[in-house]
Amino acid sequence: MSASIIDGKAFAAGLRERIGVLASAFEAAAGRKAGLAVVLVGEDPASQVYVRNKGKQTIACGMESFEHKLPAETSEADLLALVETLNADPAVDGILVQLPLPAHMNEQKVIATINPDKDVDGFHVVNVGRLATGLPGFVPCTPLGCVMLLKDQLGSLSGLDAVVIGRSNIVGKPMAQLLIAESCTVTVAHSRTRDLPDVVRRADIVVAAVGRPEMVKGEWIKPGATVIDVGINRVAGAQEGKSRLVGDVDFASASTVAGAITPVPGGVGPMTIAVLLRNTIVAAHRNAG
Ligand code: GUN
């Protein structure tokens with residue numbers, strides 16, 4: 001049996017199209033475009049690529065992109081002052097501070113300074129608490145994108161056994177909360193989990209977010225399960241000097257057993273920015289209304 005491939009790239013393109021319609025409606029009603037501010041501190045190459053793509057897609061959806069690029073040696077006080085300025089700016093509906101921050105900055109303190117109603121990343125403790133208690137708020141983009149793909153593939157998730165591998169604040173924990181809200185029976189596995197293959201074998205839904213290349217093997221997967229691979233790992237390619245991207249799931253073996261699976265690249269990856277733009281237009285409507 002060969003799994004269906006979940007096309008996150010196409011789903012994200014459709015989502016951006018719907019966001020574009022909402023962005024035009026917002027502009028017509030509010031007399032201004034919805035605005036997303038992105039703050040990048042330092043010159044991490046991967047972060048620079050993310051920020052450039054965010055800017056391009058924000059504009060393509062008919063929203064305003066405000067980019068703030070600060071040198072790596074910026075003081076924490078100066079970054080906090082910028083966040084306060086963005087909090088007070090009525091043209092800014094969403095604020096994203098790109099992580100990781102340089103080592104001399106306290107990430108939690110920076111996130112805590114963002115107005116929770118502009119926290120389109122969903123990282124502020126107020127939004128983490130809202131998600132945990134079922135109140136409306138902002139949900140981290142990558143896990144929300146995963147749930148959108150799962151519901152598109154499976155319809156109702158109610159009663160399904162789900163295993164989330166990884167317990168990060170950005171993906172694993174919010175993913176578990178979202179799956180609980182969809183009435184799944186959720187297990188969160190991590191580096192100390194005993195007999196991970198056996199835990200994974202019970203799951204109708206497997207979400208892998210550990211950052212270890214091709215760790216989840218096909219023989220761990222229950223036949224017909226839906227596999228969501230959040231990993232993006234760069235590994236050496238077959239040719240000298242070439243690299244390639246792989247997920248946390250061994251796609252070659254898992255795709256012979258699973259019912260459906262996200263590829264890397266082209267699966268979960270494109271969903272993150274699309275959901276960020278979705279959160280921004282939601283913020284604009286909420287904050288203007
Ligand atoms: N760095 C990698 N992914 C993300 C993300 O989703 N949000 C922020 N703020 N930083 C990131």
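Guide: Two strands count as paired if DSSP finds at least two bridges between them. Helices (H or I, at least four residues) and strands (E, at least two) are DSSP runs, numbered from the N terminus. The model is predicted: local features need pLDDT of at least 70, side-chain atom pairs count only at pLDDT 80 or more, and totals for chains, interfaces and linings use all residues. Residues are numbered from 1 along each chain as its sequence is written.

Visitor: How many bridges join strand β2 to strand β3?

Guide: Strand β2 covers residues 35-41 and strand β3 residues 64-70. They run parallel, and the number of bridges joining them is seven.

Visitor: Which residue of β3 is the bridge partner of L36?

Guide: From β2 the chain passes through helix α2 (residues 45-60) to β3 in a right-handed β-α-β crossover; right-handed means that, with the strands pointing away from the viewer, the path from the first strand over the helix to the second runs clockwise. The β3 partner of L36 is S65.

Visitor: How many of the five residues of strand β5 are buried?

Guide: A residue is buried if 20 or more other C-beta atoms, placed from the backbone, lie within 10 Å of its own; exposed means 12 or fewer, and partly exposed lies in between. Strand β5 (residues 161-165) is mostly covered, and its buried residues number four.

Visitor: Which residue in β7 does A162 stand opposite?

Guide: β5 is joined in parallel to β6 (residues 185-189) by five bridges, and A162 stands opposite V186 there. β5 also pairs in the parallel sense with β7 (residues 205-208), over four bridges. In β7, the residue opposite A162 is I205.
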